[in-house]
Amino acid sequence: MRNNDSELNIFISYCWKNKTYRETLIRILECANCNAVYDEGLILPGDELDEGIIKLLNQSDAVIVCLTKKSVKSKAVREELTRAHHQGLKIYSVVHRSVISAMPTFLKGKVYLDYETDDELISTLKRLVKNIRKDEKLLKASSKVHHLIQKQHVNADYLISRERFRKPEGKWSHKLMAALFNNVDNELQSLSSAHYEAIVSKDANFLMRAKPIFQKANQIYAVSIDSVSTFWVSQKSSDQKLAKRYLETQPENTMRLFVFTNPEAAHNHANVLDVHSKKYGSSGGVFICSRPAYMNIVKKWGCDENDPDLLNCDFGVLEYEGAPQTFYEAKLDRAFFKVKRVHNLSHLEHRAEAMQTSFKQFKILNEGGREESLNVMRWEIGLHRKRDRWVTALEGLFQKRDREILHLVLFTQEALHNDDAITKIRERVHELRWALKGLPIDGSHSIVVKDVWFGESEVVQARDARTQGLLQTEESKRFPYVLFIRFENASNLKDWYELPKHYEIRRGLFEAFDINLAELFSLIEKKASESPTEIMQIYEKIENRVYDFMRRMDYTDTDTIGDLILMEPFSPATD
């Protein structure tokens, strides 16, 4: 059997008494660049006939059967057709008029061709094969899916077999199989609608689903946010291989806007930006901007700037050829990949048009040029190698640069006046750490916490290696415990201070220092409906009394953009 991808593999179902018809059909198929699949020569003496037929059907894209007075009585022909029908293969029937009433039931409801004479049969077969050739792509796609389904039938039969069930893993594997098939069923039902949705959670799962969708698009307008599309700079070789394959499937005229959290992230993606630019060429484009600039851009697209998912979701419009042209909107967040059909006169269509307009505006920029009003720059290959120009470009994009801020909470010796106080402090800090890891706390906040650490003082006696002078480390005894939190910027820290959840944790912590503070907190609750000024004054008393137990210190980094780009950016896999 030939393995040429350009050929259609057509299984011939016939009875040996009609062998001359088979030879005629083989010649017709070969003239049409189709590959005839049949038992003789492929199922050898000594082979299992049933297994051989199943194997041939699994290698075939469609079936042609010539039903005559002899073949309709053939048990082998009926079994072949029954197997092909259950596998979902397309069956093309050419039927002698005398046996139409004797056709298998599952073929009677389908369109078939009939004939009377041998000459009429030959002309009918030629016409049929010519039409089959026109359906080549559809048949190959259909057979591939049905062969996969057949493979899962085999897997399922094994998993629910008596032999498997007697094994320890058999007690749970069939239940897991049922759950997996149920999830597949739900996803396929979603795929059959205009709104596809899948739980992805892992980047590789997204790429596996996104590849065929993006590959078939005629034009793509896409947004990649550094905090969402982490696979572009992932150190995992598996992620890099998938990212490379995913990029290769995208049209060369793709236009992609990369949104960066800070200059450091932009610099780290520099080699990735180069790879994208080389892929898209002059017909497409790669553009970069900061998150604040992106917020202004999406306002123009009709998006709600208060949408909490706005900066937690990649976004794209995919354009497909057709009459009329078809548009889909694709979204990816940390859990879901969604593809939604853009219907005529819908809100999404207007957003798609606005997005197209913006990208066309970006495309007219020279490489390295910046659109001043929206603060978007068109990427220039190798720009990061030109240090002074790259620094100037980043300073233009990140004019109001967010700086990381370190928040320190130091606990004095007075806070640890007994074991009960120490236990309560540990409980409150543990609660606080979990709250920080779970941010955003609610739908209205998006607070980025990069690191949380809580530690106990340890006096490490040490001497200078050169002079042997004693290093002074006793100062840490003044503050036996320290809480260290690294926020993305000062705004995030301020939001954290003002969250109701933080107030609740803070109250529990303060009451662990001094039980008398509980009276002042209770007084705040009693006066909740009274003068806000009086409530504020009560809380300020609490803060003054807590000063004996803890200190707050906030520090922001002093690195310049020039300092940030000293490191070599990430290098994507090339093999």
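## Two helices side by side

Let's start with helix α19 (residues 517-526) and helix α20 (residues 532-546), whose axes come within 9 Å and cross at roughly 165°. Because of that angle, α19 is roughly antiparallel to α20; angles under 35 degrees count as roughly parallel, over 145 as roughly antiparallel, 65 to 115 as roughly perpendicular and the rest as oblique. The crossing of α19 and α20 is left-handed, a term used if the near helix is turned anticlockwise from the far one by less than a right angle, with right-handed meaning clockwise. The axes are lines fitted to C-alpha atoms, for helices over the stretch in contact, and the angles run from 0 to 180 degrees between N-to-C directions. Helices (H or I, at least four residues) and strands (E, at least two) are DSSP runs, numbered from the N terminus.

On the α19 side, L517, L520, F521, L523 and I524 make the contact, and on the α20 side I535, I538, Y539, I542, R545 and V546 do. Contact here means heavy atoms within 4.5 Å. By class, the contact of α19 with α20 has ten nonpolar, no polar and one charged residues. For these classes, Ala, Val, Leu, Ile, Met, Phe, Trp, Tyr, Cys and Pro count as nonpolar, Asp, Glu, Lys and Arg as charged, and the others, Gly among them, as polar.

## A note on the model

This is a predicted model, in which local features need pLDDT of at least 70 and side-chain atom pairs count only at pLDDT 80 or more, while totals for chains, interfaces and linings use all residues. Residues are numbered from 1 along each chain as its sequence is written, and side-chain values use heavy atoms, with hydrogens and water left out.

## Another partner for α20

Helix α18 (residues 500-513) also meets α20: their axes come within 11 Å and cross at roughly 50°. That angle is why α18 is described as oblique to α20. The crossing of α18 and α20 is left-handed. R506, F510 and F513 of α18 touch Y539, I542, E543 and V546 of α20 in making the contact. By class, this contact of α18 with α20 has five nonpolar, no polar and two charged residues.

## Two nonpolar cores

Which residues of the largest nonpolar core touch the most other members? Among its 71 residues, they are L257, Y294, W301 and F337. A nonpolar core is a set of buried Ala, Val, Leu, Ile, Met, Phe, Trp, Tyr and Cys residues joined through side-chain atoms within 4.5 Å. Buried means under 20% relative accessible area, exposed over 50%, and partly exposed in between (1.4 Å probe, protein chains only).

If you click on W301, and leave aside its neighbours within four places in sequence, you will find contacts with V223, Y294, F315, R351, A354, M355, S358 and F359. Apart from this core lies another, of 36 residues, including V429, W496, F521 and Y539.

## Buried spots to look at

F258 is in strand β8 (residues 255-260) and counts as buried at 1% relative accessibility. Beyond four places in sequence, F258 is in contact with S224, W232, L273, H276, V286, F287, I288 and C289.

V129, in helix α5 (residues 118-134), is likewise buried, at 1% relative accessibility. V129 and L25 are 104 residues apart along the chain, and their C-alpha atoms are separated by 9.0 Å. Residues up to four places away aside, V129 touches L25, I28, L29, A32 and I64.

## Around helix α15

Helix α15 (residues 387-397) has the buried residues W390, V391, A393, L394, G396 and L397. These pack against α11 (263-268), β9 (285-290), β13 (370-371), β14 (376-378) and α21 (561-564). In the segment after α21 you will find E568, which touches N271 and R385 when residues up to four places away in sequence are not counted.

## Positive phi in two loops

Most residues other than glycine have a negative phi. N375, in the loop between β13 and β14, has a positive phi near 55°. Is N375 buried or exposed? N375 is buried, with a relative accessible area of 12%.

Q468 sits in the loop between β16 (449-456) and β17 (481-487), and has a positive phi of about 65° although it is not a glycine. Q468 counts as partly exposed, at 46% relative accessibility.
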